[in-house]
Amino acid sequence: MILFTLEHILTHISLSIVSIVITIYLMNLLVHEIVGLYDSSEKGMVAAFLCITGLLVIRWIYSGHLPLSDLYESLMFLSWSFYIIHMIPYFRNHKNHLNEITAPSAVFTQGFATSGLLTEMHQSTILVPALQSQWLMMHVSMMILSYAALLCGSLLSVALLVITFRKNFEIFSKCKSNNLQTGAFSFVKFKYANEISNALKWKNNNLISFRNRNYHRYQLIQQLDCWSSRVISLGFLFLTVGILSGAVWANEAWGSYWNWDPKETWAFITWTIFAIYLHTRTNENLQGSNSAIVASMGFFIIWICYFGVNLLGIGLHSYGSFALTSN
C-alpha cells in the first residue's frame, strides 16, 4: 500500500513538473529566449525524469516484473523513453530543436496514461502465462523505445515540411510582390528624384532582410533533417531488434515465428515505411522534404501499430487492451 501511494505521488509530481516545463517552452517560443528560463526548464525535465524512473522502479518491485504488461504501463514506459531521448543532448551540452518535440510528447503521453480512461490498469496484476517469459523485457522494451525514437524523428520531419512550405510560400509571395513593384516603376512617374532613391533603398533593405531570413531558415531545415535522420535511424535499429526478439519469443510461446497477427502485420508495415525512409536518405535528390514526407506517413502508422490495435482488442497481442479491461 505504501509503495502504491508513493507511486501515485511520483506520478503527479512528474506530471506537474513537465506541465510547468511545457509552459516555459511556450514562453520561449513566443518571446525571445531567456537563458534563466531555459536552464530551469532543463532542470525540471531532469527532475521529472528522476520521478518517473522512481515510479517505474517502484512498480517493478511490488509487481515482480518489468512494468510493460498492459497499456498503462507501456504508456508510462513510452513517456520515460521520451525523457531518455531528451536527456541525451542535454548531458552532451548540445542545444537543438529536439527538446521542443520530446518535452510535449512526454507530458501528453504521461497525461493520457494517468487520465481516467486507464484507471482500471493503474493497479498492477499477475502476468498471464504467455507473458511470463524473459523475452518480455527484451522484446517489449525494444519496441517501446523504437516507438519513442520514431515518433520524435517523424515529428521533426513534420516540422521540416511545415517550415519548407512556409519558405516556398514566402518566396512565391516575394516574387509576385517584386513583379508588381517593377510594373509600378514602369508606369509611375516620380516628381522628385529622391523619391526614386528612397524607394530603391527600401526595396534593397527588404531584399537583404529576406535573404537573411532564408539563410537562417535554411540552417534550421538542415538541422531538422539531420536530427530526424539520426533519431529515426536509432529507432529503426530498436524496431528491428524488437521484431526479431518477438519472433523468437513467438516461436517459444506459440510454436511459430510469424502468425500475421494484427500487431505483427502493422509492425511489419511500420518497419517497411521507415526502411523506405532510410533508403531515400541514400539518394541526395530525395533527401529533405521528400524523405520527410515518408517519415510523416510513418508517424500515423506507428500510432496505428501501437495504439490502434489495442483499441480493437483482437489478436494474440491483445493483452491489456481496452476490451480486456472492460470485462
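1. Of the 327 residues in the protein, 43% are buried, where buried means under 20% relative accessible area, exposed means over 50%, and partly exposed is in between (1.4 Å probe, protein chains only). The accessible surface comes to about 17600 Å², and carbon and sulfur atoms account for 68% of that area; these areas come from the Shrake-Rupley method with a 1.4 Å probe, and for residues only the protein chains shown count as cover.

2. A word on the basis of these notes: this is a predicted model, in which local features need pLDDT of at least 70 and side-chain atom pairs count only at pLDDT 80 or more, while totals for chains, interfaces and linings use all residues. Residues are numbered from 1 along each chain as its sequence is written, and side-chain values use heavy atoms, with hydrogens and water left out.

3. The secondary structure amounts to 9 helices and 0 strands, giving the pattern α-α-α-α-α-α-α-α-α along the sequence. Helices (H or I, at least four residues) and strands (E, at least two) are DSSP runs numbered from the N terminus. Taking contact to mean heavy atoms within 4.5 Å, 79% of the contacts between residues at least 6 apart in sequence join residues at least 24 apart.

4. Which residues does Ile144 contact, leaving aside neighbours within four places in sequence? They are Leu68, Ser74, Phe77, Leu78, Ser81 and Tyr306. Ser81 lies in helix H3 (residues 71-91) and is buried, with a relative accessible area of 1%. With residues up to four places away set aside, Ser81 touches Ile144, Leu145 and Ala148.

5. Leu10, in helix H1, counts as buried at 15% relative accessibility. Beyond four places in sequence, Leu10 touches Cys51, Gly54, Leu55 and Ile58. The C-alpha atoms of Leu10 and Leu56 are 9.7 Å apart, although 46 residues separate the two in sequence.

6. On the cysteines: Cys51 is buried at 12% relative accessibility, and Cys152 is buried at 0%. With a disulfide taken as a pair of cysteine sulfur atoms within 2.5 Å, the count is 0 disulfides.

7. Please have a look at Trp260, in the loop between H6 and H7. Its phi is near 55°, a positive value in a residue other than glycine. Trp260 is exposed, with a relative accessible area of 55%.

8. Finally, the UniProt record (unreviewed entry) places the feature "transmembrane region" at several spans, including 44-62 and 265-280; its positions are given in the numbering used here, feature names are shortened, and annotations may be inferred rather than shown by experiment. In the model, residues 44-62 are 100% helix and 0% strand, with end C-alpha atoms 27 Å apart. Residues 265-280 are 100% helix and 0% strand, and their end C-alpha atoms lie 23 Å apart.
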